[in-house]
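Got a model open and want to know where the labels come from? Let's go through them one at a time.

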Amino acid sequence: MVSEIVIAVGILAGLGLLFAIILAVAYKKLRVEEDPRIDQVEEMLPHANCGACGEPGCRVFAEKVVANQIKISKCTVSSQSAIERIAEYLGVDAGSEEKRVARLLCAGGKKEAHSLAEYAGTLRTCRGEAVVTGGPKACAWGCLGLGDCVNVCDFDALFLNEDGLPAVIPEKCTACGDCVEICPKGLFELMPESRKLIVQCKSLLEGSLAESKCSVACTACGRCVADAAPGLIEIRSNLAVINYDLNHLASPEATLRCPTNAIVWVENQQFEKRPTVWLPLGRVEKYTEET
Amino acid sequence: MIGTTANGLKDKLLTFRHGIHPEEYKELSSCRRIERMPFVEDYTLPLLQHIGAPSRPVVHKGQRVRKGELIAEPGSYVSVALHSPVDGTVTDVGLYGHPNGQMLPAIRIKADPFSTQQLNRPAQRPPEELTKEEFIQAIQQAGIVGLGGAAFPAHVKFNISEDKHCRYLMLNGCECEPFLTCDHRVMLEYAGELIDGTRILQHFIQADKVCIAIEANKPDAVVALREASARLGFPVEVAPLKVKYPQGAEKMMISAILGEEVPAGKLPIDVGVLVSNVGTIVALSQYFRQSQPLIERVITVTGTAVARPANVLVPLGTPMRDLVEFCGGVTGEATRILLGGPMMGIVQKTLDTPVVKGTSGILVLTEREVQDIDTFSCIRCGRCLEACPLFLNPARLGLLARKGLWDDMEDNNALDCFECGSCSYVCPSGIPLVQSIKVGKAMIRERKSK
């Protein structure tokens, strides 16, 4: 009887010792040396995991920053002081990155763009509307105005204005690209803030036809081309296209004679000149992680 | 309901598991003979009427074209040719409204005032003299696509690679969508062409067995095809199937007839089956025997808000407005227009778009039938699971789509869904399940293509 207990205890103690040795050896042999600065840098990052820097998340970004493979300023979410703090901590150059902002290339809100039908579906999202013959608007390229981009934005940088258009608040926008991805019409573009001359239209229809569908459509009249510096703007398939390589030549003059206000000079926020209201809370359902 | 034994049908009908039984409404148009639509003034022929690359126009503004003349050649291998449905003049090649809601390049033709139905094409060589490669090329040049609705180029489907063996050639005459009767009428009135087209296809495919699957609510079509088969001396098995939606989906048809499942992400040919819509086979026969490329198709114009429901042989490119006018126009109560049937059809915002190769029906409904119900929370009743013919979990997929969890949707096999709409039909809470899944599928595809 006693011997059986002794044997059992002995076996367990032996096993325990064996595994302890394996663990101890593994700890020594398989140890991964990690730079402790990675944890520190990650701690100083905003933890948004938004992907605006082009990396899968803040941790990977921190690893690359410490390895000096990427400039800290690529993190557009961090404030300038936070970036400087990290640069100081690592003793490296912060680099400089021009702030980019999402711009909506459509100005056809409820008042400007005509609708052919009324969308009666209960799935009240732009994506849901887009699967039903591209939504009710007469213009096949136009913003559907149900605010998928507003819902998807992690930084509350978008709101639907009174006209049913999503307005981007440049101070809050981190250029993470979520709105670019969700928009079924592909109307958002991430632009450096220095690009102030913007064509807010994507319609490829010929002049009067485009205008019959939306009062702020580009009619490809060519006045902006004539008024701007040579080569800055050209008309390509019934749409004014700006060559941003020559952005330093841009001036508000190009917008002055536009008959439909399709080309605009944006100092800060788009759609500023129109009265805007904040949406009452709960008007658009917010996507949450909870299922 | 139908005299199964009197018509020589089997007592126990073959079918698949799950599915739904929507009301049929086929009586509105099933007894109407196919009428030919007279020529209208203007035709709009989108260059993309099929799955794949758009066709490349070979005509220019101001050019005269004859009925049946090539106006656009295939843009790539997965693409087909396009022909003029009428004698006339090309007035424009530009952007025009497409039934899918986009503005896409199209050829606009103004018909001659006294245009005749005379076809201006040289006679086609008899198909028996052709090699398989020539046959496949001929179908592509004829512009033939699957007329069931998806408009997949027929030559790609019929070009079976050497390592695959076709056991079964199945012709799809199920037409499980409520309201639609165009395939039914085609089987009755073009029975001879259908059997002849099958013979041509079988000559090149060399399938072990040939059968035509028809839902049992069309006993007259079963009889007509058996008679035509005996008359032409080409034996074809006619298999009546149980009336159930979506019986006409090719994977469901294979499961009903063979009891085999097509694996997820695979095609019917991977299990040795070739499925083709009956209209496609008729188009095949008409091309080889009468040299007529695909320039017209049979469309059901129906619904309780159409003055005179009918099955119409329509030249491609005819504006839908003219087609509906031809059927007596809509009554005052019309509130919704669908392209296709009520289950998978797409709601239209305008009638100014043209008829394309994939159009199988125009359905106009009244307020009473389209009453929108409010959406409530999912009560976990599981009816959508019992309806889904592919054994997916629509409730979960719909939830994931509304939360924007696209990767999880893909893990839950969202891409296998063929959007039959059975889940939305049975949902007691009125949740737009299939629409949410469509959104998710589009999202997954977009992210993949990046």
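Q: What makes residues 1–10 of chain B a stretch to treat with care?
A: This is a predicted model, and pLDDT stays under 50 over residues 1–10 of chain B. The scale runs from 0 to 100. Where pLDDT is low, the predicted coordinates should not be read in detail. So the 15 contacts beyond four places in sequence that the model has for residues 1–10 of chain B fall under that caution.

Q: What is the mean pLDDT of chain B, and how many of its residues reach 70 or more?
A: The mean is 91, and 98% of the residues of chain B reach 70 or more. For the model as a whole, the scores are ipTM 0.85 and pTM 0.86.

Q: How do you know which faces of strand 13 of chain B are covered?
A: Go side by side. B:Glu296, B:Val298, B:Thr300 and B:Thr302 are buried on one side, and B:Arg297, B:Ile299 and B:Val301 are buried on the other. Both faces therefore count as covered.

Q: What makes strands 13 and 14 of chain B a pair?
A: The cut-off is at least two bridges. Strand 13 and strand 14 (residues 310–315) of chain B have six, in the antiparallel sense, so they pair. One of the places to look is B:Thr300, whose bridge partner in strand 14 of chain B is B:Asn311.

Q: What about strand 17 of chain B: parallel or antiparallel to strand 13?
A: Parallel, with three bridges joining strand 13 to strand 17 (residues 361–366) of chain B. B:Val301 stands opposite B:Ile362 in strand 17 of chain B.

Q: Which residues have the most contacts inside the largest nonpolar core?
A: B:Ile362 turns up again here, along with B:Ile144, B:Met170, B:Ala213, B:Leu225 and B:Met253, in a core of 202 residues. Helix 7 (residues 278–290) of chain B gives the most to this core, with seven residues. As for B:Ile144, the residues it touches include B:Thr280, B:Ala283, B:Leu284 and B:Tyr287, leaving out residues up to four places away in sequence.

Q: How many residues does each chain put into the contact between A and B?
A: Chain B puts in 23 and chain A 19. On the chain B side, helix 13 (433–449) gives the most, with five residues.

Note on methods. Residues numbered from 1 in each chain as written. Chains lettered and ligands numbered in written order. Predicted model: local features only at pLDDT ≥ 70, side-chain atom pairs only at ≥ 80, totals over all residues. Contact = placed C-beta atoms within 7 Å. Helix = DSSP H or I, 4+ residues; strand = E, 2+ residues; numbered from the N terminus. pLDDT = per-residue confidence, 0-100. Buried ≥ 20, exposed ≤ 12 C-beta atoms within 10 Å, placed from the backbone. Core = buried A, V, L, I, M, F, W, Y, C linked by C-beta atoms within 7 Å.
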